Every structure is written in C-alpha cells, then in structure tokens.
Amino acid sequence: MSADLRAVLFDVDDTLFDRNGAQLMALDVIAREFRDLFAGVDRQELVDAFLESDRLTTLEFYGDIPTVKNIRVRRAQVFLDLLGLDGAHADALAELYVEVYPRMDAPVDGAAALVEALAPRFQLGVVSNSLPDVQYQKLATLGIRHFFECIVLSEEFGIRKPDPAIFWHAAGLLGREPEECLYVGDSYTADVVGAKRAGLPVCWFNPNGLHPPQVGVECDFEVRTLAQVCEILNEVEST
Ligand SMILES: [Mg+2]
C-alpha cells in the first residue's frame, strides 16, 4: 500500500453507530410509550421478539424491496405477532421507531474522536447500505455529519455494497482515485470484499475478533478498536 492516502471513507452501522445498541434503546422508549399494550411482557421477551422481527424483515428488504414504509410496518407487525399482540398498532409503532431510533446516543466507542482527529488530515466520506431518513440523522446524532464531504447511501444512489460502483461513486465525489481512499467497515462481505474489488485499501473493523470468511479477498488492515485506525494512518504516513 502506498502512503498516498488522501481520504477515508466509512461504513456507518456497527462501525460508527451502534445499530443494535440503538435498537434496544429505541425499544425501551417504545415500551414506555405503549406501556398498556406491552403490559405483562418482560423486557427479554420484547428484545427477542424485536430482534427476530428485524432479522426476518431485513431478509425480505434485501430480497425484494417493497416500499420503505411497508417494510417498517411489516417489521412492527411481525414483532407484535411474535408477542401475540394486536397488529392494529403496527403503524404507530413503526412511526415512533423511525423517529427515535436514529436519535439514540449510541456511538461505537471512539467514533466521534476518530472522525474529528482525521478531519484536518483527510477528506472524509460515508458509503452505507441504508435509508436516507434514518442515516443522515444518525450522523447528526453522533455530531459528525458536518465532517463528511460526501455521504453516499445505497437507497439514494440505487446500488449497494459490495458492488464496486458505490465505492467508485464516493471516490469520484471527492475527486480521488480509489487507491487514495481508505475504507473502514465492519462487514467482511459488504465492506472488505466490496471495497477491495473497487480498488480501495481496506481496514476491517473487527471488534469481536471474528475469523475472516474464506472468500479469497484479504483486507489491508484489521483493527479491534477505532482508535487503532488513527495509529495505522500515522504509521502509513510516516513510511
Ligand atoms: Mg456495518
């Protein structure tokens, strides 16, 4: 890898924003707002049902995209179904969820510090598989949105990671070649594979020490904490 890095592009969910943490916080807000509906359901049951509804409907979302609103209402319906509760509340639940979830203060450890530290030295951007109504708000909630010169979201751009085109688009918006942009992300299949295929050097954020899948693509760097991204960039620049 050369020392000619000019930009750093980030994934958002589970790289900068703790998606699961925010979901659980949002669920607590929802349980409070709808306390009569959820009376007698304990928190663990709520959490299990929510995570299962999210898993099931995320699979649907990435299969055949219905409208965004539909998929969110559908998730709320599945959630209520799993708890044996009245599905008539699904619309209101889905609406409240979209309102509170991206406003939860749920950074991945060191996210704002890293972005702030890199901002004077690199152009910064985001490449995320996500929906615009929640994703911009998450970056605003984290207090870092203004640091990003480009924010490319799959559901606005029309192409998702790991397709190389979404990475090329972001590099192009910054006026950079792919090899000048380091990509930082937690998903091996979407982030590491996609960005490497697009010709970007990649830092795999792997906080849980997972084994990389055997997919014939290797990352350039691997870190367990976001603070280590800064250390890597310091080393690269000094060589
Ligand atoms: Mg991610």
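**Exercise 1. How far apart do the C-alpha centres of domain 1 and domain 2 lie, and which residue ranges make up each domain?**

Solution. Start with the distance: the C-alpha centres of domain 1 and domain 2 are 28 Å apart. Keep in mind that this is a predicted model. Next, get the ranges from the domain assignment: domain 1 takes in 7-18 + 107-238, and domain 2 is 19-103. Now look at where they meet: 10 residues of domain 1 are in contact with 9 residues of domain 2. On the domain 1 side, the touching residues split into 5 charged, 3 nonpolar and 2 polar.

**Exercise 2. Work out whether the radius of gyration of the chain agrees with that of a compact globule.**

Solution. Take the length: for 239 residues, a compact globule would come out near 18 Å. The chain has 19 Å, so the two agree. For the outline, the C-alpha trace spans about 60 × 35 × 35 Å along its principal axes. Then tally the secondary structure: you'll find 10 helices and 6 strands. Finally, check the contacts: of those between residues at least 6 apart in sequence, 63% join residues at least 24 apart.

**Exercise 3. Find the largest nonpolar core and say which residues have the most contacts inside it.**

Solution. First, some background: nonpolar side chains in soluble globular proteins tend to be buried together. In this chain, buried residues account for 38% of the 239. The largest nonpolar core has 64 residues, and Val-8, Leu-9, Phe-167 and Tyr-183 have the most contacts inside it. Helix H3 (residues 68-82) supplies the largest share, 5 residues. Now zoom in on Tyr-183: setting aside residues up to four places away in sequence, Tyr-183 touches Leu-9, Phe-167, Asp-191, Ala-195, Leu-200 and Val-202.

**Exercise 4. Which residues of helix H8 are buried, and why do they sit on the same side of H8?**

Solution. List the buried ones in H8 (residues 164-173): Ile-166, Phe-167, Ala-170 and Ala-171. They cover an arc of only 135 degrees around the axis, which puts them on the same side of H8. Last, check the ends. Pro-162, in the loop between H7 and H8, is joined to Lys-161 by a cis peptide bond, with omega about 10 degrees. Just after H8, Gly-175 has a positive phi of about 70 degrees.

**Exercise 5. Are Asp-14 and Glu-149 buried or partly exposed?**

Solution. You need a cut-off: buried takes 20 or more other C-beta atoms within 10 Å, exposed means 12 or fewer, and partly exposed is in between. Asp-14 has 16 C-beta neighbours inside 10 Å, so Asp-14 is partly exposed. Asp-14 sits in the loop between E1 and helix H1 (19-33), and its phi is near 65 degrees, a positive value in a residue other than glycine. Glu-149 also has 16 other C-beta atoms within 10 Å, so Glu-149 is partly exposed. Beyond four places in sequence, Glu-149 contacts Gln-123, Leu-124, Gly-125 and Leu-174. Glu-149 and Leu-174 are 25 residues apart in sequence, yet their C-alpha atoms are 7.2 Å apart.

Terms used. Residues numbered from 1 in each chain as written. Predicted model: local features only at pLDDT ≥ 70, side-chain atom pairs only at ≥ 80, totals over all residues. Core = buried A, V, L, I, M, F, W, Y, C linked by C-beta atoms within 7 Å. Helix = DSSP H or I, 4+ residues; strand = E, 2+ residues; numbered from the N terminus. Contact = placed C-beta atoms within 7 Å. Rg over C-alpha atoms; globule rule 2.2 N^0.38 Å. Arc of directions from axis to C-beta. Domains from an automatic or database assignment. Nonpolar A, V, L, I, M, F, W, Y, C, P; charged D, E, K, R; others polar.
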